[in-house]
Amino acid sequence: MLVKLPDKDVFFPWENEMNSIIISEIELNDWYFLDNGFASTAGMESAHKPIIQLASELLVKKSSHILDLGCGNGALLREIMKANDCIVPYGIETSLEKVKHARLLIPEHGGNFHVGNMFCKGLLGRLDKSFELVLLMPGRLLEIDRVHRHTLYNFLNRNAKNIMVYAYGDWLTRFEGLGRLAGLAGLRLLCNSKEPVVSLAAIYRDSEECRLP
Ligand SMILES: C[S@@+](CC[C@H](N)C(=O)[O-])C[C@H]1O[C@@H](n2cnc3c(N)ncnc32)[C@H](O)[C@@H]1O
């Protein structure tokens with residue numbers, strides 16, 4: 001099934017008044033985990049843990065820009081930042097509500113969270129910088145057509161020093177693991193673990209033609 005892409009992405013300027021809300025109170029809201037597809041904070045923390053760990057190993061005290069494609073409310077980026085205060089987070093997310101929440105959670109970088117579609121050329125063009133790490137759930141590439149897939153591959157080839165892929169629950173069971181899911185999306189895992197839930201990945205050179213059903 002193809003996802004209908006919005007004609008234009010939307011960018012909302014930073015809203016100052018949100019600064020005053022206390023972070024620990026924010027975490028008590030149900031949207032803190034619901035936004036990211038989880039049933040509880042504990043469930044979210046447990047799913048985020050291996051991603052945070054791998055990101056921390058990769059980004060040891062390096063000043064770096066990180067982009068989460070489909071960032072939800074930015075809770076994952078915020079946890080990665082806790083392990084390394086040199087990180088500058090960026091996110092793209094289709095839901096305005098979730099981006100507003102991301103701006104509450106990470107007010108100091110609120111302007112780096114964009115409402116829009118990760119396959120939108122115009123939006124990606126606005127993020128034309130070098131990212132030390134780009135986070136991606138490969139299933140997203142199975143939801144769109146070849147042209148938009150290429151837009152993202154091109155962006156990743158040009159702007160991502162490292163691509164990190166991950167998947168949660170249902171995506172892993174439906175596709176029998178991250179390796180197969182990533183393969184269908186034209187990405188090759190760069191790890192030898194048996195049943196990884198997160199891994200660095202590379203784009204197959206011939207990804208555009210052969211691996212998608
Ligand atoms: C499961 S949540 C993950 C959030 C966060 N990355 C994490 O791991 O906790 C996936 C998010 O991707 C967003 N999303 C789905 N398709 C998208 C697209 N084409 N462009 C931007 N965001 C998208 C959804 O709205 C959702 O908030």
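Which handedness does the β-α-β unit made by β1, α4 and β2 have? The views below are taken from a predicted model, in which local features need pLDDT of at least 70 and side-chain atom pairs count only at pLDDT 80 or more, whereas totals for chains, interfaces and linings use all residues. Residues are numbered from 1 along each chain as its sequence is written.

**View 1. The unit of β1, α4 and β2.** These elements form a right-handed β-α-β unit, a crossover being right-handed if, with the strands pointing away from the viewer, the path from the first strand over the helix to the second runs clockwise. Helices (H or I, at least four residues) and strands (E, at least two) are DSSP runs, numbered from the N terminus.

**View 2. The strand partners of β1.** Strand β1 (residues 64-69) pairs with β2 in the parallel sense over 6 bridges, where two strands pair if DSSP finds at least two bridges between them; L69 stands opposite I92 in β2. Strand β4 (residues 133-136) also runs parallel to β1, joined to it by 3 bridges, and here L67 faces V134 of β4.

**View 3. The shell around the ligand.** The ligand is surrounded by 17 residues, of which N36, G37, G70, G72 and M118 are the closest; a residue is near a molecule if its C-beta atom, placed from the backbone, lies within 6 Å of it. Both α4 (75-83) and β2 (87-93) supply at least two residues of this shell.

**View 4. R103 in helix α5.** R103, found in helix α5 (residues 96-105), is buried because 22 other C-beta atoms lie within 10 Å, the cut-off for buried being 20 or more other C-beta atoms within 10 Å of its own, with C-beta atoms placed from the backbone. R103 and H114 are 11 residues apart in sequence and 9.9 Å apart in space, C-alpha to C-alpha.

Definitions and conventions
Buried ≥ 20, exposed ≤ 12 C-beta atoms within 10 Å, placed from the backbone.
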